[in-house]
Amino acid sequence: EEFITGEYRAAVKAVLDKAKTGQETANFEFPLITKAGARIEVLLNATTRRDEQGNVIGVVGIGQDITGRIAQEREYSKLIDTANAPIFGVDTEGKVNVWNQCAKRLVGYTTEEVMGYSLVQEFITDDFKTAVQAVLDRALRGKETANFEFPLITKAGARIEVLLNATTRRDEQGNVIGVVGIGQDITARLAQEREYSKLIDTANAPIFGVDTEGKVNVWNQCAKRLVGYTTEEVMGYSL
């Protein structure tokens with residue numbers, strides 16, 4: 001009654017009452033107001049206190065000041081939410097728990113429409129469900145994935161192409177608690193690349209390309225007509 005804020009009195013009392021019956025509580029978060037009027041956030045472990053005969057004689061609370069950590073988490077959440085790249089997060093069950101402003105604008109779904117739902121089952125096209133799930137599963141095992149391309153269908157029904165970096169998310173103890181995905185809309189880039197490939201393929205001059213090992217990776221229609229070899233007969237071979 002004297003030291004706990006009004007909105008948390010019932011919850012703190014419940015923790016203490018449970019401890020008095022032998023049911024201990026770990027990692028209970030609540031605020032305390034200091035004598036100077038500042039608010040601090042506390043992480044509490046409430047342990048039953050017993051005498052030599054094992055009778056309950058009270059409760060011992062071991063606290064940790066997590067004010068700085070929570071402020072840091074809020075700042076981190078703000079940076080994610082206002083980033084100019086689509087960012088999402090899932091928990092260990094693959095359910096969405098982070099969905100920033102850019103993701104909302106890009107895909108069209110609000111936070112309320114995605115939070116708590118399975119990312120793969122609800123928002124990934126059938127032909128990519130297995131591949132995306134594999135990327136998430138790897139990240140949950142601590143193996144991160146960079147530059148993974150997959151399509152998303154927006155709320156309006158449009159298909160967009162996304163380049164994804166999937167990063168393992170951990171708590172302070174290093175335990176895996178989910179995955180954070182940072183995406184990039186590459187729809188326009190891919191469309192441009194397809195247009196570029198089409199222009200090369202239909203050009204009225206023979207055009208070829210090789211990779212860093214000198215193996216053919218471009219062979220247009222005019223080159224086929226001129227030399228007589230089909231694309232299948234030259235691709236991957238040393239020029």
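What radius of gyration does the protein chain have, and what would a compact globule of 239 residues have? I found 28 Å for the protein chain, whereas a compact globule of that length would have a radius near 18 Å; the radius is taken over C-alpha atoms, and the globule rule is 2.2 Å times the number of residues to the power 0.38.

Before going on, I note that this is a predicted model, in which local features need pLDDT of at least 70 and side-chain atom pairs count only at pLDDT 80 or more, while totals for chains, interfaces and linings use all residues. Residues are numbered from 1 along each chain as its sequence is written, and side-chain values use heavy atoms, with hydrogens and water left out.

**Entry: overall form.** I looked up the extent of the C-alpha trace, which spans about 95 × 35 × 30 Å along the principal axes of the protein chain. The chain has nine helices and ten strands, these being DSSP runs numbered from the N terminus (helices are H or I with at least four residues, strands are E with at least two). I also noted that 32% of the 239 residues count as buried, where buried means under 20% relative accessible area, exposed over 50% and partly exposed in between, with a 1.4 Å probe and protein chains only.

**Entry: aromatic rings.** I found four aromatic pairs in the structure; rings of Phe, Tyr and Trp (its six-membered ring) pair if their centres lie within 6.5 Å, and planes under 30 degrees apart count as stacked, over 60 as edge-to-face and the rest as tilted. One of them joins Y109 and F123 edge-to-face, at 5.1 Å centre to centre and with 65 degrees between the planes. This pair links distant parts of the chain, since Y109 lies in the loop between helix 3 (101-107) and helix 4 (111-114) and F123 in helix 5 (residues 119-123), 14 residues apart.

Entry: Is T25 buried or exposed? I placed T25 in strand 1 (residues 25-33), and T25 counts as buried because its relative accessibility is 15%. Leaving aside residues up to four places away in sequence, I listed V15, K18, L44, N45 and A46 as residues that T25 touches, a contact meaning heavy atoms within 4.5 Å.
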